[in-house]
Amino acid sequence: MDTYQTILGEEPSEPVEKLRLTRAVIEGWLANDVIEKKQRCELLGSLYPRRKRERFLVTCWLSLIAVLFFSGISAIVAANWDSLNGWQRISGAGILYLLLIGGAIWKTPQTLAGKLLASGAGFAFGMLLVVVTQQYQLNVDGVWFYATWCCGVLPLAYVSK
């Protein structure tokens, strides 16, 4: 390597077949009139597939909507917590837990939706533990609570991997 290459950091040129297709390479080809604008669009389309990007964005958007929806439900329940009796509190959390388990089984834990439902079921199990400890005035320490939560969620984690 000569001094010019050392200073600028340029590497000796490689044949086109050995170049890895990147955006910089495509833009360099366009700047040096190797390709036309139409070919640039086609190459960029093969480099950045639109369907995968759109699917990723839709998944992110739906996940954000789900988080906001469940946050709203949690806020409504928290605002009306005192007006609910013990039976309603326990049955509400239990029914939510069973619905999420059923949804995880229906969607199968191998899919993203099934894994999200199983994660929601683990959260609902923790909610159910909180309701039970509050309803029956159990003065439990943190170790017992989290150990019970971990043991209850362990089968879900094992099945969902």
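Me: What is the handedness of the crossing of helix 6 and helix 7?
Reply: In this predicted model, helix 6 and helix 7 cross in a right-handed sense.

Me: And at what angle do the axes of these two helices cross?
Reply: The axis of helix 6, which covers residues 112-135, and the axis of helix 7, which covers residues 142-160, cross at roughly 160 degrees and come within 10 Å of each other. Because angles over 145 degrees count as roughly antiparallel, helix 6 and helix 7 are described as roughly antiparallel to each other.

Me: Which residues make the contact?
Reply: From helix 6 the contact takes K115, A118, A121, G122, F123, F125, G126, L129, V130 and T133, while helix 7 contributes W144, F145, T148, W149, G152, V153, L156 and S160.

Me: How do the residues of that contact divide into nonpolar, polar and charged?
Reply: The contact of helix 6 with helix 7 is made up of 11 nonpolar residues, 6 polar ones and 1 charged one.

Me: Staying with helix 7, is C150 buried or exposed?
Reply: C150, which lies in helix 7, has a relative accessible area of 53%, and because exposed means over 50%, C150 counts as exposed.

Me: How far is C150 from G122, going by C-alpha atoms?
Reply: Their C-alpha atoms are separated by 9.0 Å, although C150 and G122 are 28 residues apart along the chain.

Me: Where is D33 found, and how accessible is D33?
Reply: D33 sits in the loop between helix 2 (23-31) and helix 3 (37-47), and its relative accessibility of 67% puts it in the exposed class.

Me: What about T108, where is its place and what is its phi?
Reply: T108 belongs to the loop between helix 5 (86-107) and helix 6, and its phi is likewise positive, near 60 degrees. With a relative accessible area of 33%, T108 is partly exposed.

Me: Zooming out, how many helices and strands are there in the protein chain?
Reply: The protein chain has 7 helices and 0 strands, and 20% of its 161 residues count as buried.

Conventions: Residues numbered from 1 in each chain as written. Predicted model: local features only at pLDDT ≥ 70, side-chain atom pairs only at ≥ 80, totals over all residues. Heavy atoms only, no water. Axes fitted to C-alpha atoms, helices over the stretch in contact; angles between N-to-C directions. Helix = DSSP H or I, 4+ residues; strand = E, 2+ residues; numbered from the N terminus. Parallel < 35°, antiparallel > 145°, perpendicular 65-115°, else oblique. Left-handed = near helix turned anticlockwise from the far one by under 90°. Contact = heavy atoms within 4.5 Å. Nonpolar A, V, L, I, M, F, W, Y, C, P; charged D, E, K, R; others polar. Buried < 20%, exposed > 50% of the residue type's maximum accessible area, 1.4 Å probe, protein only.
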